[in-house]
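Good morning, and thank you for coming.

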Amino acid sequence: MKKYIIILLIASQFANATEKDSISGTNPFKEYYNYVLPAMAKCDACGCSASGGSMGFASMLNTNFIGIRYFNQHYKSSDGLYSNSPWYNEDFNTVQVWARIPVYKNIQISALFPYHFHSRETATGNQDISGIGDITVLAMYRLYQTHKDSTFLVHTLQVGGGVKMPTGKFDEANAGAVNPSFQVGTGSWDYLLATEYIVKRKRFGLNTMLSYTIKTENNKQYQFGNQFNYSGTFFYLYEKKKLSMAPQLGLAGEVYGSNHQYSEVVRKTSGDILFGKLGFEIGKKKFSVGANAMLPINQNLASGRVEAKYRWSVNLNYSL
């Protein structure tokens with residue numbers, strides 16, 4: 001009966017997507033628990049306060065860890081006033097300290113501390129901004145897990161929530177640009193809801209993740225649109241002596257609601273995008289390194305005035 005309940009939950013999650021709107025120690029479930037890949041907390045069309053976004057909140061190899069990672073997002077934007085309006089490059093860069101710590105046998109806490117340094121071209125010259133971003137804290141509860149059933153499959157279902165704090169600076173002047181997400185912070189308290197389902201057989205598995213971020217109005221009466229994220233990732237775990245490797249291949253999508261200013265809708269700020277993603281992580285003893293690349297398959301950001309070109313990240317983690 002439980003298996004059918006899980007199947008119904010996952011089916012309803014993907015239906016919602018189409019509408020756009022710790023275990024540690026020697027426990028045999030440990031390797032399955034390691035595949036926690038949330039896709040959440042990215043800020044609007046370009047991750048102005050990107051905490052993890054579709055890059056994820058967790059290492060694939062380390063159950064408990066602290067690490068550092070860098071990720072880059074490259075976009076082009078245009079005011080679209082004329083057919084020959086110029087397109088300008090935008091680069092969003094983030095260095096992030098991140099950690100995942102289990103606080104109880106069924107509960108884990110993830111924390112992200114970002115520093116942003118962004119640059120973009122404009123008609124009057126280049127613009128650069130930098131500073132501490134919005135800190136995110138997320139708790140996930142393992143609701144259900146099996147070791148093995150008649151089909152030799154392992155199922156894991158987790159649910160959780162968190163908060164993104166307004167520790168990054170919000171620049172009201174930049175909010176009036178073609179891409180209002182050119183920020184180091186939103187200036188608002190935002191709230192996250194997430195669910196994750198993993199199915200695994202032997203060394204192969206599939207991770208699915210859904211999340212929804214509720215954005216609130218900041219003290220400048222500006223409110224970024226709510227955001228829905230979804231992803232599906234196939235993975236393979238290769239282990240040989242003290243060396244482990246986990247390649248992954250999948251899809252990730254994001255749907256953004258319209259921004260509001262003084263309670264009025266800001267036109268041409270909603271959108272959606274679908275990425276293909278490819279990555280890997282390699283671990284030896286207590287250290288692991290990883291890389292991830294994402295390319296857009298289909299997108300409609302800011303009514304076509306913003307185009308995502310690519311995203312990529314690298315990370316170094318130390319297992320606690």
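I begin with a definition: helices (H or I, at least four residues) and strands (E, at least two) are DSSP runs, numbered from the N terminus. The model is predicted, so local features need pLDDT of at least 70, side-chain atom pairs count only at pLDDT 80 or more, and totals for chains, interfaces and linings use all residues. Residues are numbered from 1 along each chain as its sequence is written, and side-chain values use heavy atoms, with hydrogens and water left out.

Let us turn to the pocket. On a 1 Å grid over the protein atoms alone, a pocket is an open set of points where a 1.4 Å probe fits, with protein on both sides within 12 Å along at least five of seven lines; lining residues have an atom within 4 Å of a point. Which residues lie nearest the centre of the second largest pocket? They are Ser77, Asp79, Tyr88, Thr122 and Val178, out of 15 lining residues. Two elements, strand 2 (88-104) and strand 3 (107-122), each give two or more residues to this lining. Strand 3 gives the most, with three residues.

Now the loops. Lysine 285 lies between strand 16 (271-284) and strand 17 (287-301). Its phi is positive, about 55 degrees, although this residue is not a glycine. Serine 303, in the loop between strand 17 and strand 18 (306-319), also is not a glycine and has a positive phi of about 55 degrees.

Are these residues buried or exposed? Buried means under 20% relative accessible area, exposed over 50%, and partly exposed in between, with a 1.4 Å probe and protein chains only. Lysine 285 counts as exposed because its relative accessibility is 67%, whereas serine 303, at 47%, counts as partly exposed.
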